[in-house]
Amino acid sequence: MFLCTLHEEIIDFYDFMSPRPEEAAMRREVVKRIETVIKDLWPTADVQIFGSFSTGLYLPTSDIDLVVFGKWERPPLQLLEQALRKHNVAEPYSIKVLDKATVPIIKLTDQETEVKVDISFNVETGVKAARFIKEYMKKYSLLPYLILVLKQFLLQRDLNEVFTGGISSYSLILMAISFLQLHPRIDARRADENLGMLLIEFFELYGRNFNYLKTGIRIKNGGAYIAKEEIMKVMTNGYRPSMLCIEDPLLPGNDVGRSSYGAMQVKQVFDYAYIVLSHAVSPLARSYPNRDSESTLGRIIKVTQEVIDYRAWIKKKWGSKINLSPELDNRLKIRDQIAPCNGEQQQNKDSEPSYNQRLALSLASTQQLSSGSSASSVSSLSGSDIVFKIPYAALTKRQYVFFAYSCKQQHSGMKFSMKGTHNQGNSYSPVSSGGMRQPVGNRGHHQYNRNIWRRKKHRDSLPISLSR
């Protein structure tokens, strides 16, 4: 029963949080403004989009990644920076030139929309990676559902970027692809698998069973787990395997996880999510309900009211300019392929209110609730395999709560220490320690202010609820 609930909640979360036509239209305008400045400087330059905007796997607050192709001996970072300042494309003081980075880029925040943009020069790997991901999205129709949930999960814990101690989106996607490729129980190419089960098993694999010390991930040729000593043979001299070692399927000799120095923090929060969700779908859940959230998925991810207001503002301003892009059209086709948990549940869904209606009800009802995560939800589970013995069952009516409360409310849940040891036992084996350690799961159930949209004080047309 609870696995069916989680399956449907993931589908509803995807439907609610995946890109809308007006959001794509807004982002295309941002790209057009920047492209105009670039073309004024270099008329023959070629501007291409890559990253999450290209694949369609972006959250409302995700960055836009651009690459400029042209004939330069060195990336003309300063020249483009001056032109962007001159044309007032970016917010004052938001333009940063990172010329010492492995891949030199210009970072900025768009003046009109506050969308963040990264611009690089003559780097082909990003464009190739976007095409690579699109191919695997066609192969694994469930992949986009897992990715959006996982990206939101890491975003609200400030672990969605390497320089904040997390992992890159590319690393996360490759981990998910490897998980589906090598799943021992199912054919992940099928669209009728239970998403709730897959999400829990992903957290179990990378939160407690994967041997980060000795094992690397390979995607090409059907995927494999390989010893790091084997990876070292094809790497450049002096290479030391990273903790999160992912062989780049597009660039031989490159370790995608090389810069992910905080990979063990990501491992800890994955372990936390596994504990919370496996408890939530176990028979014990009836005896120990989580009062902090009316949904199973809401125990680990939230969407702030601020983001909801931002999307409403986008719809109001760009809703009349939309046309269905090929990416969004493909997303709708994929959605039609995803099967409900069972036939009886589909009948129940027909009698339920729309998602927007459920969201409105949830907004009204959750103002009385705490925004923290229940400590009891991680205290009573002792078995790692209890989840996989639960039979599927039909569902009754459900309410979905996938958002945090107002950003002005303080998080009152238990905070877990970042310190502690990490299990590094034999590869892919259950945790060897008998006790249940307290993971760093809750590093705030809110999306951090540095990642969320802020209303400009001078812009009267934006939602008043976002004023500081």
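Author: A friendly note before we start: a residue counts as buried when its relative accessible area is under 20%. The model we are looking at is predicted.

Reader: Is Glu81 buried or exposed?

Author: The cut-off for buried is under 20% relative accessible area. Glu81 has a relative accessible area of 16%, so Glu81 is buried.

Reader: Which residue does Glu81 meet in a salt bridge?

Author: Look along helix α4, residues 77–86. The N to O distance in the salt bridge is 3.0 Å, and the partner is Arg85.

Reader: How far apart are the closest N and O atoms of Glu29 and Arg33?

Author: Both residues sit in helix α2 (residues 21–41), four residues apart. Glu29 is partly exposed at 24% relative accessibility, and Arg33 is partly exposed at 23%. Their side chains form a salt bridge, with the closest N and O atoms separated by 4.0 Å.

Reader: What is the relative accessibility of Glu193, which forms a salt bridge with Arg190?

Author: The closest N and O atoms of Glu193 and Arg190 are 3.6 Å apart. Arg190 counts as partly exposed at 42% relative accessibility. Glu193 falls in the buried class, because its relative accessibility is 15%.

Reader: What percentage of the residues of the chain count as buried?

Author: The chain has 14 helices and seven strands. By the salt-bridge rule, the count comes to 16. Of its 468 residues, the share that counts as buried is 56%.

Technical notes
Residues numbered from 1 in each chain as written. Predicted model: local features only at pLDDT ≥ 70, side-chain atom pairs only at ≥ 80, totals over all residues. Heavy atoms only, no water. Helix = DSSP H or I, 4+ residues; strand = E, 2+ residues; numbered from the N terminus. Buried < 20%, exposed > 50% of the residue type's maximum accessible area, 1.4 Å probe, protein only.
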